[in-house]
Amino acid sequence: MSRSSLAALLLGRPLANEEHAGRKVGLGTGVPTVGLGAFGSPAYGPEAALLVLAPLGAAGLSAFAAVQGVVVVVLLLLWLTFRRAIVAFPGNGGAYTIARDTLGDAGGLLAVVVLVLDYVLNVAVGISAGVAALVSAVPTLAPHRLALCLVVLAGLTLINLRGVLDAGRVFALPVYVFLASFAIVLVAGLVVVLSGNAEPLPSPAPSDPPGETSFWLAVLLAYAVACTGMTGVEAVSNSVDTFRDPAVRTARRALAAVVVVLAVFLAALAVLVPAFGVVAMPQTDAQYRSVLSGLAAAIAGQGALYYVCIGALLGVLVLSAHTSFVGLPGFFRLVAADGWLPRPFAVLGRRLVLTVGVLFLSGCAGALLGLFEGVTDRLVPLFAVAALSVFLLVQLGMTVHGLRVRRRVTSARAAARRATLLNIGVDVVGGLATGLALAVTMVAWFVQGVWILLVVAPALMGLLVAVRRYYATVDRELRDPGPLDLSDLSPPIVLVATEDRSRLTDKALAFALSVSPDVWAVHLAALEGPGSEEKERALREAWESDVEAPARAAGHRPPRLVTVGAPFRHVYAPLLDLVDRLSAQHPGRTIAVLTPEFVKQRWWQYPLHTLRARRMRSGLLAYGGARVVVMSVPWYLDDPDPERAARTTATLPSIAPVD
């Protein structure tokens with residue numbers, strides 16, 4: 001199977017630029033596409049809060065309800081902020097665009113870093129939580145936790161390399177099954193609670209009688225990590241371009257759907273978890289069982305509905321990482337356009353996918369999973385810092401935006417001024433709640449790993465600044481070339497690199513003579529080691545009759561043959577020495593180097609041939625400088641088929657938008 005056939009099998013056929021609009025999603029596919037991260041977050045945010053409150057015993061369950069209630073209120077405040085942000089900043093940048101335009105370049109740069117960390121950690125946390133759910137159902141898989149995480153990550157990467165539309169179609173079914181099955185369980189649980197028939201599990205005794213200070217400290221810590229239960233809502237504002245037109249209206253509807261579902265889910269957990277006495281335990285515990293698994297079992301028993309819920313939960317948790325694969329590559333494209341990231345991040349691949357961004361995200365998430373051994377509990381505090389930082393930047397940026405809008409509204413429009421003031425109040429209150437959670441998380445879990453982010457974030461910011469300075473330098477060098485300079489059009493000195501004479505060498509020599517009368521055939525001696533003297537002697541003996549005589553007969557100056565030693569079998573260093581000598585003898589002359597190259601047309605031909613021509617070309621380009629021009633002269637064993645390339649790009653069918 002050829003490489004192109006394998007790529008078509010795994011990734012699908014290449015897509016034309018004209019198909020880009022058809023690859024966007026509507027509301028029906030868009031909600032599961034951008035909402036996966038949010039829908040999966042109730043599986044680890046509330047569980048992390050319960051784990052912090054576990055030492056308080058029954059008092060911890062009561063505090064959990066209050067903590068979840070506060071998180072729901074903060075979630076609704078975030079919704080009000082983000083729904084205005086989508087209208088005010090409809091690009092794919094989300095927090096980056098808002099921070100850049102309201103807080104300046106420094107704010108935008110900080111937003112880039114925290115968004116990258118947020119997206120990468122979302123992948124790591126989502127996959128690890130999904131595998132944890134699987135391990136809780138099948139404990140024998142516990143030793144293979146990390147391997148399972150990496151296998152899932154590889155599968156998600158492959159699916160997302162096929163494109164957002166394909167991924168949305170694949171992921172829509174498990175999302176809707178998850179929502180429907182847990183809706184049944186939660187409604188049934190609420191009916192039982194309201195009827196007074198709930199039978200709570202035995203309440204655990206507190207490990208130590210909590211004092212007032214330790215109680216409120218535990219509540220603060222629980223609130224901080226519980227805020228990860230509302231992560232994912234920012235993905236909509238970062239992925240507006242994913243939706244088909246009218247993109248802003250569709251994105252706001254998708255945001256509303258995601259927030260409403262998430263708020264109802266979190267509010268139901270606030271009621272049901274204490275009512276049924278469900279507790280959390282560390283994932284490393286041999287008897288580990290997730291909170292949602294315990295709640296489903298307590299309400300529905302361990303019948304068919306339970307297994308449908310757990311299967312759907314596993315699917316959604318594993319697939320929640322897809323939110324990052326949707327949002328981050330598009331965000332990278334915007335940042336690359338501003339010069340902060342390498343430009344390959346802005347290049348669309350064969351499936352109209354930003355391939356470099358997808359692969360970068362996959363690689364970083366894999367490294368995090370390996371570093372923390374795929375354990376969600378160890379990743380949640382880092383995720384909380386990144387996610388809360390994103391929320392806080394958006395709220396600060398929208399506060400500044402609101403103040404600017406208020407200054408533009410005249411005093412005659414009192415209603416508009418009051419509405420703007422209300423919006424500012426929402427952003428400020430939400431920012432205070434988010435900032436509190438962020439500060440608590442950073443202080444409480446600093447030693448447990450949060451310090452890593454405080455090292456990585458400045459390093460990333462420095463790297464981004466270096467990238468932008470590099471592009472500024474390049475643009476400054478290439479800017480304003482002026483009129484085309486044609487003052488020196490003398491033909492170049494052409495060097496034809498050759499190991500021995502062949503039809504490929506003759507083709508290169510003929511082309512060189514058509515370009516310049518000053519052609520040098522450079523024989524690189526001893527490339528294969530000692531014992532090549534006979535080859536050099538045979539080449540010299542035949543050169544007069546086979547090369548020089550035909551050249552004279554055709555009216556050309558014969559190419560001269562020079563031998564350059566390569567005692568260390570180096571393919572380009574001897575050529576560079578010759579270029580130095582010729583440059584000194586002929587200052588101002590361009591020196592062109594022709595490298596004859598056998599073109600490998602099958603994968604199995606690569607190990608059967610040396611790659612000297614490629615290494616020579618790379619070395620000359622790296623060290624030759626502006627005086628050297630490098631050209632390749634190809635030779636094909638079989639005639640190439642240019643129509644094959646055309647068939648993959650021409651006359652491709654369009655794709656209708658999908659709901």
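## Largest pocket

The largest pocket of this predicted model has a volume of about 590 Å³. Of its 24 lining residues, E499, L504, P596, T610 and R612 are the closest to the centre. β1, α18 (503-515), β4 and α21 each give two or more residues to this lining. By class, the lining of the largest pocket divides into 10 nonpolar, six polar and eight charged residues.

A pocket is an open set of points on a 1 Å grid over the protein atoms alone, with protein on both sides within 12 Å along at least five of seven lines, and lining residues have an atom within 4 Å of a point. Grid points are joined across faces, edges and corners, and the volume is the space filled by probe spheres set on the points. Ala, Val, Leu, Ile, Met, Phe, Trp, Tyr, Cys and Pro count as nonpolar, Asp, Glu, Lys and Arg as charged, and the others, Gly among them, as polar. Helices (H or I, at least four residues) and strands (E, at least two) are DSSP runs numbered from the N terminus.

## Basis of the values

Residues are numbered from 1 along each chain as its sequence is written, and side-chain values use heavy atoms, with hydrogens and water left out. Local features need pLDDT of at least 70 and side-chain atom pairs count only at pLDDT 80 or more, while totals for chains, interfaces and linings use all residues.

Strand β1 (residues 493-498) is joined to β4 by four bridges, and the two run parallel; strands count as paired if DSSP finds at least two bridges between them. Within this pairing, V494 stands opposite A592 and L495 stands opposite V593. On β2 (residues 519-525), β1 has another parallel partner, with five bridges, and V519 is the bridge partner of V494 there. β1, α18 and β2 form a right-handed β-α-β unit. Right-handed here means that, with the strands pointing away from the viewer, the path from the first strand over the helix to the second runs clockwise.

β4 (residues 591-598) also runs parallel to β5 (residues 628-635), with eight bridges between them. P596 has V633 of β5 as its bridge partner. From β4 the chain passes through helix α21 (residues 612-623) to β5, and this β-α-β crossover is right-handed as well.

## Burial in strands and helices

Six of the six residues of β1 are buried, that is, under 20% relative accessible area with a 1.4 Å probe and protein chains only; exposed means over 50%, and partly exposed lies in between. In a regular strand the side chains alternate between the two faces of the sheet. I493, L495 and A497 point one way from β1, V494, V496 and T498 point the other way, and all are buried. β4 is mostly covered too, with seven of its eight residues buried.

Helix α3 (residues 45-53) has eight of its nine residues buried. These are G45, P46, E47, A48, A49, L50, V52 and L53.

## Largest cavity

A cavity is a set of grid points where a 1.4 Å probe fits but cannot get out. One cavity of 30 Å³ or more is counted, and the largest has a volume of about 50 Å³. Its lining consists of G37, D118, Y119, N122, T231, G232, E234, A235, T323, S324 and F383. The lining of the largest cavity has three nonpolar, six polar and two charged residues.

G37 and V318 are 281 residues apart in sequence, with their C-alpha atoms 9.7 Å apart in space. V318 lies in helix α12 (residues 304-319) and is buried at 13% relative accessibility.

## Cysteines and a positive phi

The structure holds zero disulfides, a disulfide being a pair of cysteine sulfur atoms within 2.5 Å. C227 is buried, with a relative accessible area of 1%, whereas C364 is partly exposed at 26%.

E373 has a phi near 60°, a positive value in a residue other than glycine. Most residues other than glycine have a negative phi. E373 sits in the loop between α14 (355-371) and α15 (376-408) and is partly exposed, with a relative accessible area of 47%.
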